[in-house]
Amino acid sequence: MLKIIKTSDYKKDLTNICKFYNSNLKIESIIARNELFLENIIVKKDNFWKPIFDKNKCYCISHKENLVFVWSSDFPIWIDIEYFKQRNIEILNYHNDFEYNLIWEKNLENFYIFWTIKESIIKLFNTTLDDLENIKIKEITKSKNKIDEIYFNLKAISKFNNKKIITYSWIIEKNIIYSYSFFLD
């Protein structure tokens, strides 16, 4: 299951659900957990309504502002979603020149393509942002892919910790990008 949900379009009644969750949770987290519950990914909840995930299932949640990106299946895939926003030009230095040359130039859109690729890989390996520079993107091509009505049009091949990783990405309306990564075995 792979879904992107706009919180403003969410039709479920969260009144009863929200009161059981920790008040520190963002509405996006509550919606993502509820979707996983409705899809039978979360089969149990503890006394505080925190999800107890099936150890045989894999899941990942990413959210930004009013968007929730939810994924679950029997094999590990990890996701990230980002809004493009204006930033100091220095942020472009998070990625190396070789990577920017793979997709022609150093600009904010390309920064976010690389960011979501690397962020999804960081989640896949359960590591930290300190490892961004150690994730080496080797190739990016245009490649159409679709999972559960979610479209992707870029394919990246990367290497991290001696593992090859494939990532698919998609840019929506020039201001949102999402990616998912998995091991290439």
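Is Tyr112 buried or exposed? I started there, keeping in mind that this is a predicted model. Tyr112 comes out buried, since its relative accessible area is 1% and the cut-off for buried is under 20%.

**Entry: rings around Tyr112**

I looked up the aromatic pairs next and got 11 for the structure. I picked out Phe84 and Tyr112: their ring centres are 5.0 Å apart with the planes at 10°, so I noted the pair as stacked. Then I checked where the two partners sit. Phe84 is in the loop between β6 (78-83) and α3 (97-102), while Tyr112 belongs to helix α4 (residues 108-125), so this pair ties together parts that are 28 residues apart in sequence. Phe84 is buried too, at a relative accessible area of 17%.

Tyr112 has another ring partner, Phe111. That pair is edge-to-face, with 75° between the planes and 5.0 Å centre to centre. Phe111 also counts as buried, at 1% relative accessibility.

**Entry: other rings**

Which residues make up one aromatic cluster? I wrote down Phe152, Tyr168, Tyr178, Tyr180 and Phe182. I also looked at Phe183 and found Lys163 over the face of its ring, 5.0 Å from the ring centre.

**Entry: Ile166**

I moved on to strand β9 (residues 163-172), where Ile166 is found. Ile166 has a relative accessible area of 7%, so I put it down as buried. What does Ile166 touch, leaving out residues up to four places away in sequence? My list reads Lys155, Ala156, Ile157, Tyr180, Ser181, Phe182 and Leu184. Two of those names, Tyr180 and Phe182, I had already written down for the aromatic cluster. For Lys155 I also looked up the spacing: Ile166 and Lys155 are 11 residues apart in sequence, with 7.0 Å from C-alpha to C-alpha.

**Entry: the largest pocket**

How much space lies in the largest pocket? I got about 240 Å³. Its lining has 13 residues, and the closest to the pocket centre are Trp104, Glu109, Ile113, Lys142 and Leu154. I then asked which elements give two or more residues to the lining, and these are α4, β7 (136-147) and β8 (150-160).

Methods:
Residues are numbered from 1 along each chain as its sequence is written. This is a predicted model: local features need pLDDT of at least 70, side-chain atom pairs count only at pLDDT 80 or more; totals for chains, interfaces and linings use all residues. Side-chain values use heavy atoms; hydrogens and water are left out. Rings of Phe, Tyr and Trp (its six-membered ring) pair if their centres lie within 6.5 Å; planes under 30 degrees apart count as stacked, over 60 as edge-to-face and the rest as tilted. Helices (H or I, at least four residues) and strands (E, at least two) are DSSP runs, numbered from the N terminus. Buried means under 20% relative accessible area, exposed over 50%, partly exposed in between (1.4 Å probe, protein chains only). A charge sits over a ring if NZ of Lys or CZ of Arg is within 6 Å of the ring centre and within 35 degrees of the ring normal. On a 1 Å grid over the protein atoms alone, a cavity is a set of points where a 1.4 Å probe fits but cannot get out, and a pocket is an open set with protein on both sides within 12 Å along at least five of seven lines; lining residues have an atom within 4 Å of a point. Grid points are joined across faces, edges and corners, and a volume is the space filled by probe spheres set on the points. Contact means heavy atoms within 4.5 Å.
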